[in-house]
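Have a look at the sequence and the 3D picture below. After that, we'll take a tour, one part at a time.

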Amino acid sequence: MSNVPGDLRYTKDHEWVRIEDDGSLVVGITDHAQEALGDLVFVEVPELDQSLSVGDGLAVVESVKAASDVYAPFSGTVTAVNDALADQPELINSEPYEEGWIARLQPDNRDDIEALMDANAYDQYLIELEDG
Amino acid sequence: MGHKTPLYDEHVAASARMVDFGGWDMPLQYGSQLAEHEAVRSSSGMFDVSHMTVVDVTGAGATEYLRRVVANDVARLTKPGKALYGCLLNDSAGIIDDLIVYFRGADNYRLVVNAATRDKDLAWLAATANDSVTLVERADLAMVAVQGPDARQITAEVLGSADDLLAVRRFGFVEFSDSFIARTGYTGEDGFEIILPSADAAQLWRDLTNAGVAPCGLGARDSLRLEAGLCLYGSDMDETTSPYESNLAWTVDTSDAGRDFIGRTALGDPSAAECFLTGLLLPAGGVLRGGQTVVTDVGKGTITSGSFAPTLKASVALARLPTGTSSAEVIIRKKQLPVQIVNPPFVRAGKATFAQT
């Protein structure tokens with residue numbers, strides 16, 4: 001079973017969102033996602049100050065096998081990106097919820113996050129996917 | 001559910017991620033594809049290649065038949081225990097498949113062809129044969145490739161008969177009891193490919209595992225062969241491309257003017273080919289993938305297969321480009337990125353064959 005921390009929010013595209021004390025939101029991909037992708041070898045992070053609408057391309061993660069888009073789970077502006085991923089894309093494999101974070105955004109509307117799944121809902125979603 | 005090799009249970013027990021490959025349930029990876037790739041480059045790894053099709057060719061007309069159906073010339077195999085790589089061509093000089101021909105004795109050969117092309121290969125081989133040739137598919141055999149700088153030594157110790165095995169030259173093979181052991185492979189490393197009765201395969205796999213050989217899946221097999229510049233049938237070549245357009249001119253033997261092999265007339269002059277297959281290296285900015293468009297100084301080309309090259313820490317690809325190309329850029333996610341043209345292989349004996357510019 002993949003690791004699903006209880007304090008995060010999740011999307012059906014297997015992204016996680018962490019709510020920071022200052023109101024900003026940190027985004028990454030889940031343990032399930034990194035496991036499915038396999039060894040990551042390239043990550044294209046967004047540009048600072050880039051303004052994104054929900055569903056826009058936020059990042060591209062490429063494993064040895066394939067390239068995948070990471071979509072913005074909410075609308076907002078990019079305030080920080082994880083530059084370490086340029087040299088160490090494998091951080092997403094080893095620490096998807098910590099050192100493997102992708103970007104921090106200031107959301108246009110904090111309430112957007114309420115539409116995302118909590119850990120229990122995401123766990124349930126993963127079980128449904130596996131049962132196919 | 002697809003076909004299962006005799007090693008299927010071993011893969012599942014090792015928690016391999018299984019995928020469909022040409023109708024077979026095969027291991028993609030056991031853990032990390034990068035670690036498996038590295039094991040083969042630095043020490044040893046093994047692959048279940050039992051899905052590949054083995055065909056024994058015998059009969060008084062066998063040599064004459066293979067000289068007609070294979071574009072390389074099996075007459076170059078002057079002594080039993082030697083092997084030859086080549087292509088089956090159609091009348092238009094398109095590649096039906098690539099294969100290895102093993103010369104076992106007078107009018108006695110073993111062919112190994114691809115799994116995904118089995119049906120059409122067998123049909124073609126049967127259609128081009130006559131009564132003096134006997135074709136027997138050996139679905140009763142399994143095949144394990146052990147590859148890497150330590151592969152031969154470890155395999156020889158596991159199988160016994162170390163002196164005999166270590167004396168086998170490159171592209172040579174030996175047979176004893178029920179086993180057929182060839183110094184061939186698809187990774188750019190030294191090693192053996194072992195063809196043996198299906199019932200014995202699991203024990204060999206376990207013995208090799210216990211001797212420290214890393215089980216490796218199709219993922220690592222693909223990145224290893226790509227670094228080695230070896231073509232993958234169905235991606236880098238097919239029935240619409242000739243050997244001259246696939247970096248395989250060296251496998252076409254036209255030295256005997258009297259040899260009328262299938263496709264010879266249509267092949268024409270190698271220098272007249274309008275495109276060629278070569279290597280590309282993208283140092284940073286993404287990963288080259290099959291299907292991406294290549295923009296060159298003399299027109300457009302296409303990447304036929306691409307991946308991340310773990311040995312080089314960069315992305316590499318094989319690409320079919322217009323003849324005369326001297327510079328190239330690849331379009332990835334609407335960006336045009338410059339790539340270095342590299343004559344394959346990219347990696348030989350674990351090291352880059354070229355300087356990155």
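What covers the buried residues of helix 2 of chain B?

## A helix tucked inside

The cover includes strand 2 (24-29), strand 3 (45-48), strand 9 (141-147), strand 13 (214-215) and helix 8 of chain B. Seven of the 10 residues of helix 2 (residues 33-42) of chain B are buried, so this helix is largely enclosed by the rest of the structure. Those buried residues are Q33(B), L34(B), E36(B), H37(B), A39(B), V40(B) and R41(B).

A few words on terms. A residue is buried if 20 or more other C-beta atoms lie within 10 Å of its own, exposed if 12 or fewer do, and partly exposed in between, with C-beta atoms placed from the backbone. Helices (H or I, at least four residues) and strands (E, at least two) are DSSP runs, numbered from the N terminus.

## How to read this model

This is a predicted model: local features need pLDDT of at least 70, side-chain atom pairs count only at pLDDT 80 or more, and totals for chains, interfaces and linings use all residues. Residues are numbered from 1 along each chain as its sequence is written, while chains are lettered from A and ligands numbered from 1 in the order in which they are written.

## The barrel in chain B

Chain B holds a closed barrel of six strands, in the order 14-17-16-15-18-19, with antiparallel pairing. (Two strands pair if DSSP finds at least two bridges between them.) Neighbouring strands here are turned by 40° against each other on average, direction ignored. Axes are lines fitted to C-alpha atoms, for helices over the stretch in contact, and angles run from 0 to 180 degrees between N-to-C directions.

Helix 8 (residues 218-227) of chain B packs on this sheet, where it touches strand 16 (299-309) and strand 17 of chain B. Its direction makes about 125° with that of strand 16 of chain B. Contact has a cut-off too: the C-beta atoms of two residues, placed from the backbone, must lie within 7 Å. Zoom in on strand 14 (residues 275-282) and strand 17 (residues 314-322) of chain B, and you'll find eight antiparallel bridges. There, C275(B) stands opposite P322(B).

## An open sheet

Chain B also has an open sheet of five strands, ordered 5-6-7-4-8, again with antiparallel pairing. At its edges are strand 5 (82-89) and strand 8 (134-137) of chain B, each pairing on one side only. Strand 6 (residues 95-105) and strand 7 (residues 108-113) of chain B share six bridges, and G105(B) has N108(B) as its bridge partner.

Helix 4 (residues 118-128) of chain B lies across strands 4 (53-58), 5, 6, 7 and 8 of chain B, running at about 65° to strand 6.

Most residues other than glycine have a negative phi, and most peptide bonds are trans. N247(B) has a positive phi of about 60° although it isn't a glycine, and K334(B) has one of about 70°. Buried or exposed: which is N247(B)? With 21 C-beta neighbours inside 10 Å, N247(B) counts as buried. K334(B) is exposed, with 5 other C-beta atoms within 10 Å.

A cis peptide bond joins P344(B) and P345(B), with omega about 5°. P345(B) sits in the loop between strand 19 (335-342) and strand 20 (347-348) of chain B.

## Where the chains meet

The contact takes nine residues from chain A and 12 residues from chain B. On chain A's side, the elements giving two or more residues are strand 4 (40-44) and strand 6 (57-63) of chain A.
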